[in-house]
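Please look over the sequence and the model below before reading on.

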Amino acid sequence: MKKSLGKGLDALFQPVESEEVLRLNLTEIRPNPYQPRKTFDDETIKELAESIKEQGVIQPIIVRRVLRGFEIVAGERRFRASQLCGNDKIPAVVRDLDDAKVMEIALIENLQREDLNAIETAVAYEALMDKFKLTQEELSLKVGKSRSHIANFVRLLALPESIKDYVSRGTMSMGHARAIVGVKDQNIQLDLAEQVVESNWSVRELEDAISGMNDKKTIPAKKEKVKKKDPFIISIEAELREKFQTGVKIKQAKNKGKIELEYYSKQDLERILEMLQIQ
């Protein structure tokens, strides 16, 4: 279990005694370009604006100096709410931070406050890894999440755009998306997603449908009666999927069989090999 970064973030977001809290003009400040959250709830911003009208901005925002002004590091909701209620200035603490630290802080702040949907989280993880050449293991240490957690989110980016939109809007859950991403055929992925939305399938119902679909693929050309999959094997597959956080199939013959583990990138393969203690 990796140590939580919560206490460290609390310290970061609170000004220390040696720091001066400035009152900056809102016109001098621009949003964080590395903000992983793409949508802001208008109603909660209005509620925050009403609170600011009554009590002011209690906790200063964090900014850094850039050309022609300042850039938000943490506190974009307070900034937007202050604009909404007509304020000219906002309390702020100026810190000297590089791009990597700004991206890291913005991501962790939103993750800890559960402000991001699954796709926004996945995009933010991938952006951090791409921009700063981080492995999933290195990123896991930075954000205080397991490597398998990060791998599960990044895998979602392989889904068709329409399915990612469902997840972003909350029409489909992370659990649904994880089940669908294990299906290789994109057309089947889209069909399953439509069924989830139209029939309001639970994650278990979706998994059962995928399992049944896989069983049908093993039907021989001749119309022979095929035995249903052993419930014990189905249970073991489910346990292995949970353990390895990936697609798992157990195929049985008369006196033998095989176990197939799916992987979706070189890093995902390395994660599974590490869990198998092969590396």
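The protein chain has a secondary structure of 13 helices and seven strands, where helices (H or I, at least four residues) and strands (E, at least two) are DSSP runs numbered from the N terminus. This is a predicted model, in which local features need pLDDT of at least 70 and side-chain atom pairs count only at pLDDT 80 or more, while totals for chains, interfaces and linings use all residues. Residues are numbered from 1 along each chain as its sequence is written, and side-chain values use heavy atoms, with hydrogens and water left out. Of the 279 residues of the protein chain, 39% count as buried; here buried means under 20% relative accessible area, exposed means over 50%, and partly exposed lies in between (1.4 Å probe, protein chains only). Among contacts (heavy atoms within 4.5 Å) in the protein chain between residues at least 6 apart in sequence, 67% join residues at least 24 apart.

In soluble globular proteins, nonpolar side chains tend to be buried together. A nonpolar core is taken here as a set of buried Ala, Val, Leu, Ile, Met, Phe, Trp, Tyr and Cys residues joined through side-chain atoms within 4.5 Å. The largest such core holds 35 residues, and Tyr 125, Leu 139, Met 172 and Ile 180 touch the most other members. At least two residues of this core come from each of α4 (99-112), α5 (118-132), α6 (136-143), α7 (147-155), α8 (161-169), α9 (174-181), α10 (186-199) and α11 (203-216). The largest share, seven residues, is supplied by α5. There is also a second, separate core of 18 residues, which includes Phe 40, Ile 45, Ala 49 and Ile 72.

Several of these helices can now be followed in pairs. The axes of α9 and α10 are 10 Å apart and the two helices pack at an angle of about 155°; axes are lines fitted to C-alpha atoms, for helices over the stretch in contact, and angles run from 0 to 180 degrees between N-to-C directions. The two helices α9 and α10 are therefore roughly antiparallel to each other, given that angles under 35 degrees count as roughly parallel, over 145 as roughly antiparallel, 65 to 115 as roughly perpendicular and the rest as oblique. On the α9 side the contact is made by His 176, Ile 180 and Val 181, and on the α10 side by Gln 189, Leu 192, Ala 193 and Val 196. By class, this contact has five nonpolar, two polar and no charged residues, with Ala, Val, Leu, Ile, Met, Phe, Trp, Tyr, Cys and Pro counted as nonpolar, Asp, Glu, Lys and Arg as charged, and the others, Gly among them, as polar.

Helix α9 also meets α7: their axes come within 9 Å and cross at roughly 75°, and α7 and α9 are therefore roughly perpendicular to each other. Here Asn 152, Phe 153 and Arg 155 in α7 meet Met 174, Arg 178 and Val 181 in α9, a contact that divides into three nonpolar, one polar and two charged residues.

Helix α7 packs in turn with α13 (residues 266-275), at an angle of about 145° and with axes 11 Å apart, in a left-handed crossing. Arg 147, Ser 148, Ala 151 and Arg 155 in α7 meet Gln 267, Asp 268, Glu 270, Arg 271 and Glu 274 in α13, and by class this contact has one nonpolar, two polar and six charged residues. Gln 136, found in helix α6, touches Met 129, Arg 147, Ile 150, Ala 151 and Gln 267, not counting residues up to four places away in sequence. Gln 136 counts as buried because its relative accessibility is 4%.

Val 203 lies in helix α11 and is partly exposed, with a relative accessible area of 26%. Leaving aside neighbours within four places in sequence, Val 203 is in contact with Ser 173, Gly 175 and His 176.

Two loop residues remain. Most residues other than glycine have a negative phi. Arg 68, although not a glycine, has a positive phi of about 60°; its place is in the loop between β3 (61-66) and β4 (69-74), and it counts as exposed at 79% relative accessibility. Asn 200 likewise has a positive phi, near 55°, and sits in the loop between α10 and α11, where Asn 200 is exposed with a relative accessible area of 65%.

How values were computed:
Left-handed = near helix turned anticlockwise from the far one by under 90°.
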